[in-house]
Every structure is written in structure tokens, then in C-alpha cells.
Amino acid sequence: EWQPALKNVSSSWDVGIIDGLSGWTTSVDDVPADTISRRFRYDVALVSALKDLEEDIMEGLRERELDDSICTSGFTVVVKESCDGMGDVSEKHGCGPAVPEKAVRFSFTIMSISIRAEGEDDGITIFQEQKPNSELSCRPLCLMFVDESDHETLTAILGPVVAERKAMMESRLILSVGGLLRSFRFFFRGTGYDEKMVREMEGLEASGSTYICTLCDSTRAEASQNMVLHSITRSHDENLERYEIWRTNPFSESADELRDRVKGVSAKPFLETQPTLDALHCDIGNATEFYKIFQDEIGEVYQKSNPSREERRRWRSALDKQLRKKLKLKPVMRMNGNYARRLMTREAVEVVCELVPSEERREALQKLMDLYIQMKPVWRSTCPSRDCPVQLCQYSYNSQQFAHLLSTTFKYRYDGKITNYLHKTLAHVPEIVERDGSIGAWASEGNESGNK
């Protein structure tokens, strides 16, 4: 039971898997509407997840020596939400209905449950998800045959999910756990999104935009000049305000002035995400960047001005050949998590250095990788203050050193440009860790491995 009753949510209790379009059937064309998506009702899915954790909750109360007959209210549940597109899911043979060849999967993970006793300020955590990035703790909520770039259809299907989530935030769940009725409040944190999805949900321009960051208002040129000193300024509410300004143009500005005023918010934000950094894609983005630096160093680009495509191709094949021979690393079409993890190691950089002619450049590359390896555990680990306290303390210093190297030795690559994830890695990690306690725990891996 919910108190007060949920607004905009049907009152039938025997809900199983429902048609994800729930009532929108007329608005989506081209596709037989009843095939396009299936989902659980959000509140029902959460109740089911809590019932699964019933033993853990009781165990947690016992461990904390809390009398479970007194603990009937004041439970707080923190939920991580993830959503990701799934690429090609076409039928390889067979003849189902004509549906889009792409799919999107929305899921949630219960991250922690805490209880606040009467008159106390701080909650006591009675359940903490130990493997927040496992597909086992990541519960699917909605599966849809939609291309993640098809903003209209995506918003039509996730619309009811957003409505249910909003209703649940304004209400409390009364649920029998361990034989007694207890009251739960829910907090939702949308952190399991890659940058493309965040930009779509929050109404920002696509990732090639001059507004490079989903956390601050910096432009690409500014971010490459000042690599480290930025703070998180964007939020869902601010994006909504900016969208209103974009829509109404109250100061009658030209398109360029208006765009600069709203910092690249040009669509209506539709689902609140938590401004954070996606650890998995951060790894992948940075590894891609290092892979390109390796090629450039093999070809000594710092001495030349724009080399031909032919030369670049030669350097790339030399790099691939070396990595395959020495590290058994097969070239990949698109950088993936496993390749990224193997590439970003000291062994890899030593192997690459064998192809780099100048001693000085070899040292710079090794220094760059060393700093990176020092920084990485801070955004990867589930609890950095416990797992790598030293690296956490040194992070800001290391990122300044890293930025200094990029803007001096590797200036040829970072003059006026920098990649989105590199900017976030250098500028925003300490602030997010300070706010949330972790970046790795809130990443999208659980959802990604569920997709597989």
C-alpha cells in the first residue's frame, strides 16, 4: 500500500508484465504498437525487489542490534537507475513482426537501505549492495524495441515510468517485511547512463557539441585551456529553466547569443539524471585517446604538421602489430572495456615505447601512463576512501601533473581541443567522490552486462 495513494498509476494490484506503451498506442506509428515494449510497473518491481531482500533487511537490523518490533518506519531506499541502447537485435532468421532493429533496456539496482530512528539525524545503513555492478543485482524494468536516438518514441515509452517514479517520490510504501508493516521512502539516482543517453534525457546537444560537459558549462576550448579547475554546475532543474529560456527567448537574442545563454540546452529535459561520470565509458574514452597518442608518438607528429592518411594508417598498423605480437592484443573495430583495460597498463606503454624513436618522448609517455594508473582506481573502485585512500588524496595533484604534461609535451593534440571524458577525468572526479562517496559503484556496468 502507498500513502498517499500513487497519482497517475493504475490501482490494480495483480500486475504482471504490462504493455510498455500503456495508453500511448495511437502516438507511435510504423510499428505494431503491441510489440514495441514490455515492462513491469515501477512500484510493483520495487516491492518485488524489497521482498527479495527481506532476509538481508532483517539480518541488517539484527547486526545493528536494532529491535525490529520498534523499527517500523523511517526506512530509506536508494535506487540506482540505468538505461542503455542495445545496438543490433534483429532476428537473424525467422519472421516476427516488423520492429526496429535496436532495443533499449531500463533497469534499477537497490543500492542501500537505511533506517533513521526517531529524533536521530543520521541514518543507520542496514543493507548495502556489495556488488553494485553485477548483472545479478541489476533488475530489468522495461525492454523496448526503440532506437535510443529516436527521442520521440523513447520519451513516449519512458513517460509513464517517469510519472510513476515522480509519484513514488511523493509517497511512502507500507510493506510487510519480517511479519510487520514497515514504511519505506525511495530516492532515485539516475547514474547508469552513458554520456549519449544523459545528453538525450537532459535536453543537451549531442556529444560533439562545443559544450563539452554534462556536469559544467565549459566549452571545448575553455576545457583545453584550463584542464583541471572546474566545478559541477549543471542540474536537472537548471536544465529545465534553460530550456524555457531557449523556448521563449525572453531577451530576443540572436540564435548564437541564445545558445550561449542556455549553454547548449536545446530540448526539454525529460528524466532527471544525477550529474556524475560513467566509469566504464570513461575508461573506454580515455583508452581511445591514449591509443591515438600512441600512434602519433610512433609517427613523431610533434615535429610534423598534418601527416597524410597513408602515413597515419602505417603508424596504426605498426601499433596494432606490436600490441598483437607482444601483448596478444587483437585489434578491435570499436574500443571495448576489456581492450581498454589491457591497453592502459605499464606493460602496454613499454611495448609501445619500443617503437618510439626519441628517449625523451618515451619518458613522457611513461610518465603520462603512470599518472593515469595512479588516478584510475579513484573512479573505478566501489569505495575509494576504503580501497585506495592514498590515490584519492593525491588525485588533484596527479590530475594537475597530467594536465601539465598534455598542455606542454603533447600540445599538438590538445591545442584548443580535448575529449569529453578526458575533461571529466581531470576536472570533476574529486568533487563527485566527495559528494557521492564513489563513482565506480554508480556506473553502468551491471546494466551493460545484463544487456549481453
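Tutor: A nonpolar core is a set of buried Ala, Val, Leu, Ile, Met, Phe, Trp, Tyr and Cys residues joined through side-chain atoms within 4.5 Å. Keep in mind that this model is predicted.

Student: Which residues touch the most other members of the largest nonpolar core?

Tutor: In soluble globular proteins, nonpolar side chains tend to be buried together. Here the largest core has 62 residues, and W379 and F402 touch the most other members. Several elements give two or more residues to this core, including α9 (309–327), α12 (359–380) and α14 (389–408). Its largest share comes from α8, with ten residues.

Student: Which residues does F402 touch, beyond four places away in sequence?

Tutor: Leaving out those sequence neighbours, F402 touches F290, L368, L371, Y372, M375, L422 and L426. Another core, of 50 residues, lies apart from the largest one. V146, L154, M197 and F270 are among its members.

Student: How do I read a pair of packed helices?

Tutor: Two packed helices are described by the angle between their axes and the distance between the axes. Take α1 (residues 42–52) and α3 (residues 151–169): their axes come within 9 Å and cross at roughly 60 degrees. Therefore α1 is oblique to α3.

Student: Which residues make the contact of α1 and α3?

Tutor: Y42, D43 and L46 come from α1; V161, E164, R165 and M168 come from α3. Four residues of this contact are nonpolar, three are charged and none is polar.

Student: What radius of gyration does the chain have?

Tutor: The chain has 24 Å. A compact globule of 452 residues would have a value near 22 Å, so the two agree.

Definitions and conventions: Residues numbered from 1 in each chain as written. Predicted model: local features only at pLDDT ≥ 70, side-chain atom pairs only at ≥ 80, totals over all residues. Heavy atoms only, no water. Buried < 20%, exposed > 50% of the residue type's maximum accessible area, 1.4 Å probe, protein only. Helix = DSSP H or I, 4+ residues; strand = E, 2+ residues; numbered from the N terminus. Contact = heavy atoms within 4.5 Å. Axes fitted to C-alpha atoms, helices over the stretch in contact; angles between N-to-C directions. Parallel < 35°, antiparallel > 145°, perpendicular 65-115°, else oblique. Nonpolar A, V, L, I, M, F, W, Y, C, P; charged D, E, K, R; others polar. Rg over C-alpha atoms; globule rule 2.2 N^0.38 Å.
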